[in-house]
Amino acid sequence: MKGKYIYHPVKNFGIKSFRIKILLIFILVLNTGLIYPQHQIPRISITIDDPTADSADVLSWHQKNGKLLKTLQKYNIKAALFVCGKRINSIDGFKLLDEWNNSGHMICNHSYSHSYFHSKKINAEIFKNDFLKCDSIIKKYSGYTKLFRFPYLKEGDTKEKRDEFRQFLFNTGYRNGSVTIDASDWYVSSRMCDTLNINKDFDITPFKQYYIEHIYSRALFYDSLAFQLTGRKINHTLLLHYNVLNAMFLDDLIVHFISKGWEIINADDAFSDEIFSSQPDILPAGESLVWALAKETGKFDNILRYPGEDSFYEETGLNEVLFNYYSKKNINNSR
Ligand SMILES: [Zn+2]
């Protein structure tokens with residue numbers, strides 16, 4: 001099918017337009033992701049936030065663990081798991097973490113309470129204690145890695161809070177476990193699960209398609225922005241969450257990225273990219289690291305929305321998924 005797409009627009013030019021033909025083929029091949037020059041291969045790693053042993057879901061945590069770990073093993077990928085302490089502070093929670101740790105994945109800190117650091121009620125001192133409470137839980141694991149991911153990617157609403165916590169991370173030997181590709185997989189998953197809870201026979205294929213297109217389009221956006229900022233292809237960290245959607249379709253997502261010419265790398269390789277040592281000087285601080293670096297330049301305000309990603313950007317698209325499904329069903333039923 002890809003050959004067809006490349007062939008048809010080009011053949012109409014005739015032999016005299018040979019140079020244009022070659023140029024068009026090159027552009028089309030690049031756009032379809034078939035070839036990247038070696039130094040321009042986009043690389044992406046998987047990071048997963050908020051594992052939870054709560055099994056009141058479409059899939060139990062055993063099932064989610066099984067599917068996610070199987071997929072990562074299939075592609076021989078090591079991910080970074082960002083643990084929010086309160087969600088795994090139970091016998092089942094520790095079993096869940098054991099399985100990730102024993103599979104060789106990184107076990108990282110995502111706070112204990114998942115507090116919103118931009119709240120006026122959360123000062124740096126409260127936030128530090130909450131961070132330490134999670135650290136004391138995860139430090140026993142061999143995969144324990146001193147990377148901290150801010151809940152909601154909010155790094156501080158004032159200069160004082162932002163800089164005090166940056167200094168604290170440095171003093172404790174931690175680094176910011178930044179996201180470069182942010183997205184709203186959590187919202188797609190919650191809409192899919194809500195739908196399945198009402199109608200267990202719902203064909204979830206449109207949710208899978210929406211998810212893959214959504215994540216890939218955000219990846220292209222942040223990769224393009226990163227290239228404009230740095231003049232090179234950076235190593236990406238993709239933010240995903242521990243949910244039913246990723247358990248079911250992470251394999252399909254990985255296949256999609258590979259088909260577009262991306263290389264899937266281990267999370268620790270990604271975090272070795274020098275971009276992760278940058279500390280953008282913006283307020284409020286946070287969002288995707290690429291978003292924050294772009295904001296800092298003041299040159300991209302026409303394309304930077306705030307927040308970078310959120311449920312309301314996806315609401316209309318997901319409403320359409322449901323509308324199309326039920327419209328089709330009504331047509332079929334009336335035949
Ligand atoms: Zn989180």
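In the predicted model, strand 7 (residues 235-241) is largely enclosed by the rest of the structure, because seven of its seven residues are buried. Burial here requires 20 or more other C-beta atoms within 10 Å of the residue's own. Strand 7 is covered on both faces. On one side lie N235, T237, L239 and H241, and on the other H236, L238 and L240, all of them buried. Strand 7 pairs with strand 1 (residues 43-49) in the parallel sense, over seven bridges. Within this pairing, L238 of strand 7 has I46 opposite.

The packing of two helices was also examined. Helix 9 (residues 205-230) packs against helix 10 (residues 244-259) at an angle of about 55°, and the two axes are 10 Å apart. The crossing of helix 9 with helix 10 is right-handed. Helix 9 contributes K208, Y211, I212, I215 and Y216 to the contact, while helix 10 contributes L245, F249, D252, L253 and H256. Of the residues in this contact, seven are nonpolar, one is polar and two are charged.

For the chain as a whole, 13 helices and nine strands were assigned. The chain has 335 residues, of which 38% count as buried. Among contacts with a separation of 6 or more, 80% join residues 24 or more positions apart.

Terms used:
Residues are numbered from 1 along each chain as its sequence is written. This is a predicted model: local features need pLDDT of at least 70, side-chain atom pairs count only at pLDDT 80 or more; totals for chains, interfaces and linings use all residues. Axes are lines fitted to C-alpha atoms, for helices over the stretch in contact, and angles run from 0 to 180 degrees between N-to-C directions. Helices (H or I, at least four residues) and strands (E, at least two) are DSSP runs, numbered from the N terminus. A crossing is left-handed if the near helix is turned anticlockwise from the far one by less than a right angle, and right-handed if clockwise. Two residues are in contact if their C-beta atoms, placed from the backbone, lie within 7 Å. Ala, Val, Leu, Ile, Met, Phe, Trp, Tyr, Cys and Pro count as nonpolar, Asp, Glu, Lys and Arg as charged, and the others, Gly among them, as polar. A residue is buried if 20 or more other C-beta atoms lie within 10 Å of its own, exposed if 12 or fewer, and partly exposed in between; C-beta atoms are placed from the backbone. Two strands pair if DSSP finds at least two bridges between them.
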